[in-house]
Each structure stands twice: as C-alpha cells, then as structure tokens.
Amino acid sequence: MRPFGAELVDRREIGPGQWLLAWHAPAIASSARAGQALHVRTVEAGGMPLRRPYAIATADASSGTLTIQAAGRSGPSGSSPPPWASSLRPGDRLDLAGPVGRPLEVDPRARHLLLIAEGPAIANLRLLIDEAVREGRSVVLLYGAATAASVYPSSLLPDEVEYVVATADGSLGHAGTVADLVFEYEGWADQSFAAGPTPLLGGLTQLAAGRKQRLGVATLGRKRGGGRPIQPGSPEARRKSFLQVVLAQTVACAAGTCLGCVAPGASGSVRVCREGPSFAADELDWGPV
Amino acid sequence: MKAKRKGVAANSKRTPTVRRIRPAIAPVSRPRGPAPFPPPGGRAGPSSASIAGSSAVSSASASAPRQSSASSSSASSPGSPSAQAGAPALDALGGRPVDLGVDLGRGLALANPVIVASGPFGYGAEVTDLVDLPRLGGLVTRSTSLKPKAGQPAPRMAEVPAGLLLGMGPQNPGLELVLERYASVWARWQAPVILSLCADSAGELGEAVRRIEGEAGIAGLEINLSCGGGGRGGAIPGLDADAAASYVAAARRGTDLPIIAKLTAQAADVRAIARSVEGAGADAISAINTLPGFALAADRRGPALGSGYGGLCGPAIRPIALRVVWEVAQAVDVPVIGVGGVASVDDVLDFLAAGASAVGVGVAALADPMLPVRLADELADVCRSLGVAAVGDLVGTALPARTGPASTRGAEWAR
Ligand SMILES: Cc1cc2nc3c(=O)[nH]c(=O)nc-3n(C[C@H](O)[C@H](O)[C@H](O)COP(=O)(O)O)c2cc1C
Ligand code: FES
C-alpha cells in the first residue's frame, strides 16, 4: 500500500459544499471493495503533513478511475472545494494510498439489501450499491439529510435502486430521521449496511438486535456444536451479521501503528484502519445509546 | 544526590558531543564522470555505520534534485537547500562521500542523524513494507511499560492548526510481550532500535531495565519522562530535576545500554532537568515530547478527545522544540536529539544548527513513512553542495560561543 501519485481526472460539486473528486488510480480502482477507503495526502496550512481517509465512493476497473466525496466550504458567498483540493486542476497529481481497511461483506444468499446513510457518509455505501446492482441484488437506500437541498442527488444513483429520503425539516420525503424508516423495510431486508454519525449507528444496532423479536422470527432450537466458532473481525463474522456499519475516524497512518484511530470494540479497542472501517455492528461497543 | 555527583565525574571524561566516524576507506582519487563514489562493502563495527550512510548519499546524489528540499526553505536557515537547488552538478566535495554518521555515546552509532521518534512507527515491524528500514538512522519504539496499558478512550486524534492533538495514553502490550514478539526481529535489523520505556515509578523503571538487560536487538533505551510520577505532588518526572534524575539513575544502575532521557518542554527550566539527567548517567537527551493542549468537539459540548487533554505535536510545536534544544545543548555535554515538528530538510538543518546532533521525526512520518529516509538523503545533498564533509560540522553552528556557564535566568534571557 505504498503511496503513489494519482492524477485528478474530474472535480465537481454535487451538493452544497460536497465535492466529487475523480482520480486515475488503476491499481486501487481494480482492487477496491465497498467499505474501503483511500488515504489522501492533503496539503495543510502551516506545513502539517497529513493524510485523510476518504471512502472510495465508486471504482471503475476498466477506466482505472475512482471517486471520493469530500466536504468543501459552502456559505453565502458561494462554495469552494476542500482547501487541500482548491488548487488542484484536472491533470494534477496527488499522493494517494489504498485501499485502506476491511470491506463490507455481502452474504451470497442475500437478495435484498437495506442501506441506511445520513449526510456525506453515503459515500461509504455508494460502492456497495454498484456491486450489489451488478450482482443482481435488490437495493433500498434510506437516506437522511437536514434539508432537501443537501439530499444526495438521485441522478448519481443507478436506476435499479429504490431511494427513500427523510429530511429533518420535512422539506423532502419523510419528516424525521432516517432511522424512522427502518421499520418499514426491516422485514424485507436480508442484510443491512449503515454509515453516518455514531448515535445513528448505535441506534440502528439496537434496532437490529430487536428485529427478530419484532418480526416474530423464531430461532428454533440451538445450533448444536459443529462448525468452527466465527472469529470476531473475520469476513465471515461480517457476512453473517444482519447489520454492518462503516465507522468514520481520524486515520493518520493507516498502517495500524499509531493507534490514533481506535474505536471501542465489544472486547477491547479496535483500530478503524485495520480491523475496520467495516464492522459487524455487534463487534463494537456502542455505549449507552 | 551522591549518584548524581558520581555521574558528573564520569561524564566529564566523556569524549566530545559529536564524534564523527570517518569512513574506514578514505577516498584518495577523484572519481571520474558523474558516477558517485562507490559504497565500500561489508564491514562490521561502528565504521560500517558511516559507510552505510555514505552509500545512502551516493544513491541520493545520483538522482535529480528533490522536490521538497526546494519547496519549503526558510531564508534564515544556514545553507538553505533552495539556494543550491537546480545546481546538482555542483559538488564542493569533489565526489567524496559525506559522512552522515553520529555517535550518541556508549557505542550507539547512527548511520545518519535522522531517526524516527517514539510512537509513529510503533515497534517497527508493522511498517516493514512501507519503509526502507535499513536506511533509517534509527528507530525509537512506542513507549512500553512493565505491564500492559490500555490507553485512552476514543477519539484519540484531533486536527488543530499546524498540528495534531493526540490522546493515546501509553497504550502498549507490556514489556514481556514486546520483547518476545520483536527483540529477535530487531536483532536482525541494520538500523538501531531504541526501546522507549515509561514507568509509574523509578523502581518500576529499574525493574523493566533489569528485565531487558541481555536481550539482543536493543541498541539503547529512551526514558520517557512525560509519563509516570515521582515529581512533586505526583507530577510527571520530567517536571522535576530530582525525579527525572531518579528515573535515569534507576535505569543506569540496571543496564550498560546507552540511555537517552526524553525531556518535556513543560518543565519551567529544561536546563535544570537536562543537567540533572546528565548527572544521573544519561548518554544523550532527546527533546521534546508532545505538549498538553485542548480542543473542543464539533458540537462544543465537550472535549474533542476521549482523554480530554491531548498532546500537541507537529509544526505547531517546532519553535518550542528548537528553543529547548538550543537551551539544552548549551547546558550539557551529552548529545541532544531534537524532536518536534520536523517535516522538511530545512527543519533538520535548523535543529542541527541549534545544537542537536540528531533529529527525530514524529507525526510527519505518519503521513509520509519514507520521510525520515528522504530527509537523510536530502541532508547529504545539502552537505555536498555546501562542501561540508561531515554532518557533525553543521551541529551547533548557531550556538553562542560557550565562554562561561549557561545562564540560569529564564529562557528569554538566555543570551
Ligand atoms: C502517533 C504518535 C505516538 C507517539 N507516542 C509516543 C510514545 O509512546 N512515547 C513518547 O515518548 N513519545 C511519543 N510521541 C511523541 C513523539 O515522539 C514526539 O516527541 C512528538 O510527537 C513531537 O514530535 P513531532 O512534532 O515531530 O510529532 C508520539 C507521537 C505520535 C505522533
Ligand atoms: S490510523 Fe494509525 S493505527 Fe489506524
């Protein structure tokens, strides 16, 4: 995962202060999977050398391009790209490394995927949509935003996706939070995936835990012995989990050494850059929700 | 106090701060053409360190001028490389290799003066595929304690202007596990590994040091004086000259390994601490550790970090680190390792001029793991273009002549 110079292909604003940056990075584009991130060497005022993690929102192996979504500034005087990207023009190069971290895992038998995202965190699930549609799975995307203006544009989603929106101010779709919408779809879903602020993810984890009971799904008997125990953190643990989440955290080294990216795990702290950013929801300790 | 006196006596016999190790094979004739001086091959002992350094230099000189050395030069730094950038042909040394070697005392020889400070590379084994480890001047490990430590709750990092605020706590798996897992790995490495130790008390430190004695693969110890107690009112030892000395003395009693004492700039007068640890038997001093800071969470409902306070690192603390190095270098005879905000070769030159014999790269190595190796290459380029044959000649060039004892007044009066 040594960094290399990747070329900026395109740069555009997709919503107030939200920018899509496309890079030519064939090696990463061909190996990236949903839930993984790109480590971008950003240029900081004051000479601070820093890398920031950005979810790989789309990856096209054939053209070798991938996109990330990055927050810029948006105000009365118009909006501008993220400060580190403001001087970049298509054709310019920036130092990228990736893919970082573990991917989301879809159970091969899952036909119906329920995706839940709030705000810019949609970028963490965006690639999963493409992967799922390509594999012929049905996808419902529940999306929460503050207002209609900041809703993720449906034009950036494949037609196959059922897109359901909630806004806090009721200016579009359901008036309320995205979590309110979950009840309507949880019976339909075989598996679900979420990204957004920690309180939302903690709440969804709690919802997922009570799902079987609400739906009246009986767990007949106990699975006896047999089979290996599932290793926490393994791809299998994620594949078998009804809810997977993508965590956001400051990722400074992405090599697992600095221990700056930790999150509370169900059994001790986990590194988001190594054990994550994709987790089975119950691998994490959500504290009092 | 007795131990301290004794230490001073021993120290006064010490050889000068920077002992340069010249290549065993001195070049006699000028090499023809652009080919750099060929690196002399496999020899053991301290001289091989400088040979390794020289070979790093030759490979550096073979390539075009480097981008970052030209990009961020400060007019004030001596030999600002930008002045020479674009003139790679200029070689005032006539093709002779630059001697980058540094001796930190008690046999701790570095092939070049750029090391990785404690923390960013963990125990080193995690970054073997990101870094050319053999080309590092040295590597200081994450601070390790006798017993495992869990560290602080998340979040542990916050972005602040020109720096990062860290709230890690001394998370580590404990000395036993670290030695078991890594000591034999380190023993095979070319770059010296310096094990950083933190302890709640001088007694605990002594116990840890005794446990290490005899382990292969450890080139030296760094005592992190920013964790633990022993200072007045339970303060960290780095704030209190006696407590700092008691830590270093406890380590000194238990080992013949080189000991580096890592100071904190929080001390009211770092020179007092520096003299005290020198007296207690420290072979070198590194400075500085992170400085306590605070940042608010985005919603301003509390701190940004799970630990509340955090340690500030990055370019934001560089002027403080330079001040401390400048003061300490005038106060003691042992070599000083400058740490704090190093991000470019200009920063390295600044620290050397201020009196550091070596520099440690901290947080900058997270974003750019190859930075320390590149800085050593760039340093060699600068030396070559300045006609400086040995990097030691750049050390302390900005220090006032030492005519008498260093001032005991505050930092602002030091001159
Ligand atoms: C990720 C990280 C971990 C660190 N861990 C330690 C440590 O375990 N012990 C220690 O003495 N210093 C530790 N430090 C402090 C550095 O060694 C250094 O003193 C400080 O960061 C200032 O240098 P910088 O501005 O170049 O980062 C750590 C720094 C970073 C960035
Ligand atoms: S970002 Fe450094 S350990 Fe994860």
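In this predicted model, the side chains of Arg51(A) and Asp95(A) come together in a salt bridge, with 3.2 Å from N to O. The two partners sit 44 residues apart and tie together distant parts of the chain: Arg51(A) belongs to strand β4 (residues 49-55) of chain A, and Asp95(A) to strand β9 (residues 93-100) of chain A. Over all chains, the count of salt bridges comes to 24.

Chain A is itself divided by the domain assignment into domain 1 (3-100) and domain 2 (112-213 + 234-246). On the domain 1 side, 14 residues take part in the contact, and they meet 15 residues of domain 2 of chain A. The centres of the two domains, taken over C-alpha atoms, are 23 Å apart. Interface size is often expressed as the accessible area lost when the parts come together. Between domain 1 and domain 2 of chain A, about 1100 Å² is buried, with 65% of it on carbon and sulfur atoms. Zero salt bridges are found across this interface, while two residue pairs are in polar contact there. Strands β1 (4-15) and β5 (58-60) of chain A each supply at least two residues of the side of domain 1 that touches domain 2. That side of domain 1 of chain A is made up of eight nonpolar, four polar and two charged residues.

Turning to the interface of the two chains, 30 residues of chain B are in contact with 24 residues of chain A. The area buried between chain B and chain A is about 2200 Å², and carbon and sulfur atoms give 60% of it. Three residues stand out here: Met157(B), Glu159(B) and Ala367(B) supply 24% of the area that chain B buries against chain A, more than any other three residues. Two salt bridges are counted between chain B and chain A. Asp368(B) forms a salt bridge with Arg41(A), in which the closest N and O atoms are 3.7 Å apart. Polar contacts across the interface of chain B and chain A amount to five residue pairs. The elements of chain B that give two or more residues to the side touching chain A are β5 (157-160), β6 (163-166) and α10 (364-367). Of these, α10(B) gives the most, with three residues. By class, the side of chain B that touches chain A holds 18 nonpolar, five polar and seven charged residues.

In one of them, Tyr123(B) and Tyr182(B) are stacked, at 4.9 Å centre to centre and with 15° between the planes. This pair too links distant parts of its chain, 59 residues apart: Tyr123(B) is in the loop between β3 (114-116) and β4 (138-140) of chain B, and Tyr182(B) is in helix α4 (residues 175-187) of chain B.

Most residues other than glycine have a negative phi, and most peptide bonds are trans. Gly276(A) and Pro277(A) are joined by a cis peptide bond with omega of about 5°, and Pro277(A) is placed in the loop between β17 (268-271) and β18 (278-280) of chain A. In chain B, a cis peptide bond joins Ala154(B) and Pro155(B), with omega of about -10°; Pro155(B) lies in the loop between β4 and β5 of chain B. Leu259(A), although not a glycine, has a positive phi of about 60°, and its place is the loop between β15 (243-246) and β16 (262-265) of chain A.

Methods
Residues are numbered from 1 along each chain as its sequence is written. Chains are lettered from A and ligands numbered from 1 in the order in which they are written. This is a predicted model: local features need pLDDT of at least 70, side-chain atom pairs count only at pLDDT 80 or more; totals for chains, interfaces and linings use all residues. Side-chain values use heavy atoms; hydrogens and water are left out. Domain bounds come from an automatic or database domain assignment. Contact means heavy atoms within 4.5 Å. Buried area is the accessible area (1.4 Å probe) that two parts lose on being put together, summed over both. A salt bridge is a side-chain nitrogen of Lys or Arg within 4 Å of a carboxyl oxygen of Asp or Glu. A polar contact is a pair of N or O atoms within 3.5 Å; within protein, one must be able to donate a hydrogen and the other to accept it, and residues adjacent in sequence count only if both atoms are side-chain atoms. Helices (H or I, at least four residues) and strands (E, at least two) are DSSP runs, numbered from the N terminus. Ala, Val, Leu, Ile, Met, Phe, Trp, Tyr, Cys and Pro count as nonpolar, Asp, Glu, Lys and Arg as charged, and the others, Gly among them, as polar. Rings of Phe, Tyr and Trp (its six-membered ring) pair if their centres lie within 6.5 Å; planes under 30 degrees apart count as stacked, over 60 as edge-to-face and the rest as tilted.
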